[in-house]
4 protein chains.
Amino acid sequence: MIYFQCDYAEGAHPRIMERLMETNMEQSLGYGEDPYSEKARDLIRKACGQPEAMVQFLVGGTQTNATVIDSILRPYQGVLCAASGHINCHETGAIEAGGHKVLALPCGPEGKITAGQIYEAYRSHMDDATAEHMVQPGMVYISNPTENGAIYYKKELEEISHVCAACGLPLFVDGARLGYGLMAPDNDLTLNDLADLCDVFYIGGTKVGALFGEAVVITNPALMKDFRYMIKRHGGMMAKGRLLGLQFLVLFEDGLYWEISRHAIRLAMRLREGFRECGLKYYADVNTNQQFPIIPDAWLETLSKKYAFSEWGKMDETHTIVRFCTSWATEAESVEAVIEDIRKLSDK
Amino acid sequence: MIYFQCDYAEGAHPRIMERLMETNMEQSLGYGEDPYSEKARDLIRKACGQPEAMVQFLVGGTQTNATVIDSILRPYQGVLCAASGHINCHETGAIEAGGHKVLALPCGPEGKITAGQIYEAYRSHMDDATAEHMVQPGMVYISNPTENGAIYYKKELEEISHVCAACGLPLFVDGARLGYGLMAPDNDLTLNDLADLCDVFYIGGTKVGALFGEAVVITNPALMKDFRYMIKRHGGMMAKGRLLGLQFLVLFEDGLYWEISRHAIRLAMRLREGFRECGLKYYADVNTNQQFPIIPDAWLETLSKKYAFSEWGKMDETHTIVRFCTSWATEAESVEAVIEDIRKLSDK
Amino acid sequence: MIYFQCDYAEGAHPRIMERLMETNMEQSLGYGEDPYSEKARDLIRKACGQPEAMVQFLVGGTQTNATVIDSILRPYQGVLCAASGHINCHETGAIEAGGHKVLALPCGPEGKITAGQIYEAYRSHMDDATAEHMVQPGMVYISNPTENGAIYYKKELEEISHVCAACGLPLFVDGARLGYGLMAPDNDLTLNDLADLCDVFYIGGTKVGALFGEAVVITNPALMKDFRYMIKRHGGMMAKGRLLGLQFLVLFEDGLYWEISRHAIRLAMRLREGFRECGLKYYADVNTNQQFPIIPDAWLETLSKKYAFSEWGKMDETHTIVRFCTSWATEAESVEAVIEDIRKLSDK
Amino acid sequence: MIYFQCDYAEGAHPRIMERLMETNMEQSLGYGEDPYSEKARDLIRKACGQPEAMVQFLVGGTQTNATVIDSILRPYQGVLCAASGHINCHETGAIEAGGHKVLALPCGPEGKITAGQIYEAYRSHMDDATAEHMVQPGMVYISNPTENGAIYYKKELEEISHVCAACGLPLFVDGARLGYGLMAPDNDLTLNDLADLCDVFYIGGTKVGALFGEAVVITNPALMKDFRYMIKRHGGMMAKGRLLGLQFLVLFEDGLYWEISRHAIRLAMRLREGFRECGLKYYADVNTNQQFPIIPDAWLETLSKKYAFSEWGKMDETHTIVRFCTSWATEAESVEAVIEDIRKLSDK
């Protein structure tokens, strides 16, 4: 079975595993106050061009989203996001568990929202005579890349950032797959740009080569106060915190994070072109490590015997949207193999 | 100024005020454990044909919705409702304050949802391989009449009730304006039907002649346990609880509730016909005490000098949806006056 | 049966009822934005000597406590209070419903806490190397008078206020029975003092002559923002808000609030002296409208035939602490009657 | 520096690290639905003698406590626990974040509570005429060993279990250091006994040789429903869930969990005896891997130069309670070294 099902099917990149082994018997303070975590924080601050940023490590994405959002909003405030946003769809109410409404904005297959939508949501709330009877927009959440693999271009993010600042809405970017977005062929955003344009974001490790772990970067000083209390309260403060720091140290000391991301994108683009040459169309036309081709239902059984992939939804009566992911661990041969099999099925 | 702005502009029906005066110096136990509350409970149980129902009195609608919903759902469950439902729009996140997601279903101007929508939402959740990553539908909330004045017909409610039972979803009916719905000319539902078809509902007092108060009727025994703890926790247990009991006693001992409702509906129907004869169209074509005519923006200023009414939203570039409400306190002369003024404006 | 059981057994003071009757058919905007509420706010601001204070009306005490506390604390913060504080004992977790821990401090029968206790709780938290693993003290709650009838003297409140300011802890005073405290014979605190010394407090109506209602006075500007969103979210925004405003208008326009409070205190002091002359001892030695004599268990049955009062707890094997309350509605004859009966029982 | 500061200073037991390396490139389903997790579940069920138990893996202790407790309690219920319980002291309000009050019972230095205390708390609540004004006891939480290193003897646990069953209170045992408790020289409880006597417990991994991870064992079928939804909602569902399963597989396939626990206890008992021979007294007289000797303040500086340990609190003006922990990684030489240094300091 060849896995394209997700980008977290294996363990960690071998260089991470090696370092975990090497340091296993070292003793250190817990809860992220160890030297490895400190070094990793420094590297991330440098990589972002944000020498004053607060960097904290959490274990997983849902936990991170819930912690960040709960730390920013007042009780009566909600978070604006795309209807297909992870916090709206796939976190079993973790945001509502903190008492907050997810204010979902309509979006297309790409899963993006616009500055205009944000402004309109804010304005219509504030203009309403009965504003205090409604949940107040209190921040904005976007994912880059989105849950459907699309990226925000620099101009789009600048516009969003500008509107957020004008409305007093902190902007939070979920970067669970950030590396894959920044390495997308059409991406024009740097990590520095991103850090400049939002108030808080996270650099995903779980889906980009780490065993687990997400690095939250808070650039807005107003959002830093007591953030570690929030981590602990949300059950996200890891006892052996250096496990997180060490992994991000390995990812960022020699550019491994970007190397992993580039590898996955190169194979994703090959897969994308190969499928396209076979005549496949795509649900969302995206250039990151998640690809969403539309295939005839009749192929599902055959393909499933050899490949693991996700069924994302029905496109029409006879076609299914599927998801193929690449990652640091995907091999070129696997991609060629599936392209070849698709070619046979499509008879091209 | 003549008020059509809402159905809670005055105090209480005079018969309620009289009884409050008469009994003012009586002493009683607090928290709804007084004889008046007991009598009112009995009257309501009889009116509903539900001798075993639990009846509890709360102060207002948002409080009641939050308390009932919080008492039914498990933490990871959400409540299915129309996108225009009060709990989704106008309660400042009171449901989310209890940790619960409002699972909004699309609806038309009438603000109704169907049995089919409920079933589909339930089924698609349960069929999903990643169900546990999503909020689980845990109950259904409908308003009758809806926030936009529409009523559920008996057949519709039967279908909803049937689907709810089949899916194990308790059905909760928000009856903030219940009397007006049951007195609508095209209504074919009795209070007994309603009580039979849902698990819990409330009979609104605030908008139907009381100073304040909502009577929650729980017919499903599984939902009764410790409900009073939930009232207290939600800040809804009134110290002088007999104030609530006494009002419902007056409303139900001689049919005052129905008398008030009939009066308001008779005037609403007169207003509706009068406006229609002047050529006005309606946003939602409904037969209850809230009427939503569409008027040219140019009329707004003139009308506002003499009448208080709500602007509900823009219909198009040059027209506005407005809301006119009738209540127990509306006088026939007021209705005739506004019809006459509309006639002049419409030049018919 | 003569009631001493609580201070909310009757309806409202007759002057309040009259005014409710007189204005019953007037029409007004809802949610506290009516002229009566505005006037009441002004009167209260004047009475407090706080021309810039925000005044908002809520329905009951638990609701008020939960709303105020939830509006002040950050999620990981808790509220310091006496172990016998209402929020710790008798609100069915309404504070925890907002996600906040009640940080209970030990107290004696009077139910008071000291500046020293507050400082120590704060300091020990902040000094702890693992502070972020613990709930952070975020505000202080005291009741004046306390749940056990004791009052804070000016010097005590000044000290508490000073410590709170030094530690950055907003001070919230629950004044459910505030009038009775300010009229206590040994009280040396004015309403102006109180308003100066805390950040937010409320003037209780329910237990001091109103049908219901509590007037929240926010003197600290930092705590005013969006407070009405919090009221709505907590289900405390009354549709017919003028009912609240009107009652406080009556209470404060001619000093009725103080008149009521003085009356109750005068009778409470008479009862206190009378019982003492019969040899009774007190659980807490307090000068407000709640009196806690200790009586032999053998008297309970006899007394209960004629008088309603509360059993507060066991003092020892053969004695019970009971509570007798006076209010605006208590009559001098009732007090003399019970003193006489106690005299007979005590054989003095 | 020799570490006795905590039992989670290093990484994982080498056998765990080896297995993580060996399997690193294997591909598997996420979220704990992989074969390793299944095998680990089977092993744990066998080890507990509970073939029908549900076993789920979470990442850390605070997360586990919050998830289990939130899944059991109704909103108005609280959890009874020792005042020194981890959930009451060191989880930054994670339980309150779910809306629940921690109902703390007084306890001695050992941190244990009794069946009698539980029964009395339950009874006094249920007997109270105003029960619904108070948080209802809804379950019991104990730690074994406790936060202060004490264990529950079989008879004590049987009594607690019996009272819990009689009162309808599920019993939850926090076993963050369970292995160390079961290996204590005076322990008379088996893992089977424990599993029989409670409704849910967890087997701690983080502090007993794993990199991280806690295995929740639910033996009461009523508590199993939708538990995985609760894990996800609380941010505790690890993407690469097999990391958890694999670690517990290694811990339980050949008895490594017991081997590690025995090792730590053996060294703790040696340390305990060694210190005692030097004349040291103990804060709590306990036989598990945490030891709490009382030392003169004057020794702190000297000892701290060579050893890392925790200061637990002041015993008196001149003495400090300190904590020394042993673990799988502690070496016999380290224990002998510190005993020798204490001997020198104590001049014995």
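Helices (H or I, at least four residues) and strands (E, at least two) are taken here as DSSP runs, numbered from the N terminus. I note that the model is predicted, that local features need pLDDT of at least 70, that side-chain atom pairs count only at pLDDT 80 or more, and that totals for chains, interfaces and linings use all residues. Residues are numbered from 1 along each chain as its sequence is written, while chains are lettered from A and ligands numbered from 1 in the order in which they are written.

**Entry 1**

I looked up C:D226 and found it in the loop between β8 (214–218) and α10 (227–233) of chain C. Its phi is positive, about 60°, although C:D226 is not a glycine. Most residues other than glycine have a negative phi, and most peptide bonds are trans. For exposure I used C-beta atoms placed from the backbone: a residue is buried if 20 or more others lie within 10 Å of its own, exposed if 12 or fewer, and partly exposed in between. C:D226 has 18 C-beta neighbours inside 10 Å and therefore counts as partly exposed.

I then turned to chain B, where B:D226 lies in the loop between β8 (214–218) and α10 (227–233). B:D226 is not a glycine, yet has a positive phi of about 60°. B:D226 is partly exposed, because 18 other C-beta atoms lie within 10 Å.

**Entry 1: cis peptide bonds**

I checked the bond from A:N144 to A:P145, which is cis with omega near -5°. A:P145 belongs to the loop between β5 and α7 of chain A. In chain C, the bond from C:N144 to C:P145 is cis, with omega near -5°, and C:P145 sits in the loop between β5 (136–143) and α7 (154–167).

**Entry 2: strand β6 of chain A**

For pairing I required at least two DSSP bridges between two strands. Strand β5 (residues 136–143) of chain A runs parallel to β6(A) and is joined to it by four bridges. A:I142 is the residue opposite A:V173. The chain passes from β5(A) to β6(A) through helix α7 (residues 154–167), and this β-α-β crossover is right-handed (with the strands pointing away from the viewer, the path from the first strand over the helix to the second runs clockwise). Strand β7 (residues 200–204) of chain A is also parallel to β6(A), with two bridges between them. There A:F201 is the bridge partner of A:V173.

**Entry 3: strand β5 of chain B**

I found eight of the eight residues of β5(B), residues 136–143, to be buried. Strand β3 (residues 77–82) of chain B pairs with β5(B) in the parallel sense over four bridges, B:V79 being partnered with B:M139. Four bridges also join β5(B) to the parallel strand β6 (residues 171–174) of chain B, in which B:F172 stands opposite B:Y141. Between β5(B) and β6(B) the chain goes through helix α7 (residues 154–167), in a right-handed β-α-β crossover.

**Entry 4: helix α2 of chain A**

The 14 residues of α2(A), 35–48, should span 20 Å, and the end C-alpha atoms are 20 Å apart, so the two agree. Its buried residues are A:Y36, A:S37, A:A40, A:R41, A:L43, A:I44, A:A47 and A:C48. Judged by the directions from the helix axis to the C-beta atoms, they cover an arc of only 165° and therefore lie on the same side of α2(A). For contact I used C-beta atoms, placed from the backbone, within 7 Å. The buried residues of α2(A) pack against β2 (54–58), α9 (191–197), β7, β8 (214–218) and α11 (242–253) of chain A. A:G49 follows α2(A) and has a positive phi, near 65°.

I located A:I203 in strand β7 of chain A. A:I203 counts as buried because it has 29 C-beta neighbours inside 10 Å. Apart from neighbours within four places in sequence, A:I203 is in contact with A:I44, A:G175, A:L178, A:A215 and A:V217.

I define a nonpolar core as a set of buried Ala, Val, Leu, Ile, Met, Phe, Trp, Tyr and Cys residues joined through C-beta atoms within 7 Å. The largest has 458 residues, and A:V217, B:V217, C:V217 and D:V217 have the most contacts inside it. Not counting residues up to four places away in sequence, D:V217 touches, among others, D:I44, D:C48, D:F201 and D:I203.

Note on methods. Two residues are in contact if their C-beta atoms, placed from the backbone, lie within 7 Å. The expected span of a helix is 1.5 Å times one less than its number of residues.
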